[in-house]
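Please look over the sequence and the fold shown here before reading on. The account below is meant to be followed with both in view.

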Amino acid sequence: MITLNAKKKIAVLLSAIAFLNLSLFALAGEMKNVDSTDKQNKIEIKDFAFNPQTITVKSGEKVTWINRDEEPHTIVSVGKQFKKSTALDTDQEFTITVGAPGAYDYFCSVHPKMTGTIVVEK
Ligand SMILES: [Cu+2]
């Protein structure tokens, strides 16, 4: 037979479980948010080309290039919107954080025909 006291205990237990569930949901939501602000904007350098050649990102996000060629490449902003990279060796990365909205054109100073654009949105 369930006493009144036991019923109370069960009620407390159930609300505790409900509360925990809510906390887990909140936590999951938070983790998802962290993921989206940490979104990886990757540009691969392969066969003497930037891929994708044009990438659209939001102001404040990071952009990372990775060199998948055996040749060294650089990333140089046409309008000096970010500081230029050193010569990237194979599998070496270069990361910038984009600022003001606009089109950031860039090229490789070793192979000036290699060009790309970062479109930065608000
Ligand atoms: Cu190059």
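The paragraphs that follow go from the overall architecture to the sheet and then to the core.

This is a predicted model, in which local features need pLDDT of at least 70 and side-chain atom pairs count only at pLDDT 80 or more, while totals for chains, interfaces and linings use all residues. Residues are numbered from 1 along each chain as its sequence is written.

Of the 122 residues in the protein chain, 16% count as buried; a residue is buried if 20 or more other C-beta atoms lie within 10 Å of its own, exposed if 12 or fewer, and partly exposed in between, with C-beta atoms placed from the backbone.

Four strands form an open sheet in the order 3-8-7-5, with mixed pairing, two strands being paired if DSSP finds at least two bridges between them. Strand 3 (54-58) and strand 5 (76-77) are the edges, and each has a single partner strand, so one side of each is left without a neighbour in the sheet. Strand 5 runs antiparallel to strand 7 and is joined to it by two bridges, with V76 having F107 in strand 7 as its bridge partner.

Strand 4 and strand 6 also run antiparallel, and five bridges join them; here the bridge partner of V63 is I96 in strand 6. Strand 6 has a covered face, formed by F94 and I96, and an uncovered one, formed by E93, T95 and T97. In a regular strand the side chains alternate between the two faces of the sheet.

The largest nonpolar core has 14 residues, of which I75, V98, Y104 and I118 touch the most other members; such a core is a set of buried Ala, Val, Leu, Ile, Met, Phe, Trp, Tyr and Cys residues joined through C-beta atoms within 7 Å. Two or more residues of this core come from each of strand 4 (62-67), strand 6 (93-97), strand 7 (102-107) and strand 8 (115-121).

I75 is found in the loop between strand 4 and strand 5, and it is buried because 24 other C-beta atoms lie within 10 Å. Leaving aside residues up to four places away in sequence, I75 touches W65, K84, S85, F94, Y106 and C108, a contact being two residues whose C-beta atoms, placed from the backbone, lie within 7 Å. I75 and C108 are 33 residues apart in sequence, yet their C-alpha atoms are 5.1 Å apart.
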